[in-house]
Amino acid sequence: MYLAYGACGEQVAHRVPDGALGRLSAEIFASLPRSDQRRKGELYLRGLLSAGGRKSMRNIATHVGDRAAEQSLHHFISSSTWDWNPVRAALARYLERSLRPRAWVVHPVVIPKAGRHSVGVGRRYVPSLGQVVNSQEVFGLWAANEEMSSPVNWRLMLSEDWRDSDRLGHASLPETHLAGTPLECVAGAAAEALSWTGGRARPVVLDLPGIDPVAVARRFAAARLPFLASVRGSTTVTPAASAVFGHEARGATAHQLLRVVRTLRRPVIWSCPESLASRTSLVAGVQVRLAGTHRPLLLLGEWTGTDDRPKQCWLTDMTEVPWGALLRLTKLTHRVSADFSEISTNVGVVDFEGRSFGGWHRHTTVASAAHALSTEYRLQPMACPA
């Protein structure tokens, strides 16, 4: 049994059977050309699950009972040439079977760094902290349902100076991995996941209100991926039907328009993603258009108190989906956030310290597999915050 500790210090038990670890390793590392690489992949996965504290190479090697393996594991992750994409593709197909996700959820992560040499590191303003932080900016694409979630794909945001192949140590990186904006990161990760799962599109849920909604609508329409994106209340929209205002349709902010249709609000019961306890919100929606886009969208508002203004606004191209089902999809962002804090940090997703771009991706790929196993065999539910 592997024991880990959650963000609040509570003990969360995982019993990952050796057989399950071996079967997943055989499946996801099947694309690796050499048997010694496949063995190292399983060894690294086992170390991420068993090592306590930060998942350094030395710590991992110690906990798999082979200190001599430190150098070979370092080479396997940071200097080897094996392609992480087929491994992620195999993991995505595994999660389609085992997790049966309802959506792919985008989860942004800012990883503070002390130095300037880790791949992708730079000084950036972090709105949640209200200050400039020396850090990496990462976007994960997660397969999620109400009970569990697990990462499928990753993007590391690269500033202009990092998008130099010589500095990254790789001569032929695909353009999708040299993304310089959050939308490029997110859309590229989702398009890859779509190709890995045989064209089985999942709705992409994005709680990234700083991204231009017009650009989001255009990008996901081109990729033929449905989306559900949070937007600011100040976002300008135009009602698709003039009857909303009683005269010719005109532009308004999302908050203004949702206040007009608030009499249409209906209660929706949803389950807290962390504890599955029941909660109730009021929801209303109205079809709108965005300047520069062709398809009508649905503007969705959620109210949880007595204020006329909604707590949160979302835009989606899934105009025929019931409001309640859409609201429940938005709550998957909380499921992912909780699982990242309680599981991903324990299996070392954010612990890679090297300068290698490929090493970062290989580490996060194996750590994603460790997360998947920990999620599948998690024994104790988490408490839902009041």
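The legends below describe close-up views of one predicted protein model. Local features need pLDDT of at least 70 and side-chain atom pairs count only at pLDDT 80 or more, while totals for chains, interfaces and linings use all residues. Residues are numbered from 1 along each chain as its sequence is written, and side-chain values use heavy atoms, with hydrogens and water left out.

View 1. The protein chain has twelve helices and 14 strands. These are DSSP runs numbered from the N terminus, helices being H or I with at least four residues and strands E with at least two. Of the 386 residues in the protein chain, 53% are buried. Buried means under 20% relative accessible area, exposed over 50%, and partly exposed in between, with a 1.4 Å probe and protein chains only. Among contacts with a separation of 6 or more, 61% join residues 24 or more positions apart; contact means heavy atoms within 4.5 Å.

**View 2. Helix α5 against helix α12.** The axes of α5 (residues 84-98) and α12 (residues 357-376) come within 10 Å and cross at roughly 15°. The two helices are therefore roughly parallel. Angles under 35 degrees count as roughly parallel, over 145 as roughly antiparallel, 65 to 115 as roughly perpendicular and the rest as oblique. Axes are lines fitted to C-alpha atoms, for helices over the stretch in contact, and angles run from 0 to 180 degrees between N-to-C directions. The crossing of α5 with α12 is left-handed, meaning that the near helix is turned anticlockwise from the far one by less than a right angle, whereas clockwise is right-handed. The contact divides into eight nonpolar, five polar and three charged residues. Ala, Val, Leu, Ile, Met, Phe, Trp, Tyr, Cys and Pro count as nonpolar, Asp, Glu, Lys and Arg as charged, and the others, Gly among them, as polar.

**View 3. Helix α7 against helix α8.** Helix α7 (residues 182-196) and helix α8 (residues 213-223) have axes that come within 11 Å and cross at roughly 20°. That angle makes α7 roughly parallel to α8. Here the crossing is right-handed. Leu183, Glu184, Val186, Ala187, Ala190 and Leu194 of α7 meet Ala215, Val216, Arg219, Phe220 and Ala223 of α8. By class, nine of these residues are nonpolar, none polar and two charged.

View 4. Six of the eight residues of α10 (residues 323-330) are buried, so the helix is largely enclosed by the rest of the structure. The buried residues are Trp323, Gly324, Leu326, Leu327, Leu329 and Thr330.

**View 5. Two loop arginines with positive phi.** Most residues other than glycine have a negative phi. Arginine 100 has a phi near 50° and is found in the loop between α5 and β3 (103-112). Arginine 224 has a phi near 60° and is found in the loop between α8 and β8 (227-231). Arginine 100 counts as exposed at 64% relative accessibility, and arginine 224 as exposed at 73%.

**View 6. Two buried cysteines.** Cysteine 185 is buried, with a relative accessible area of 1%, and cysteine 313 is buried at 2%. The model has zero disulfides, a disulfide being a pair of cysteine sulfur atoms within 2.5 Å.
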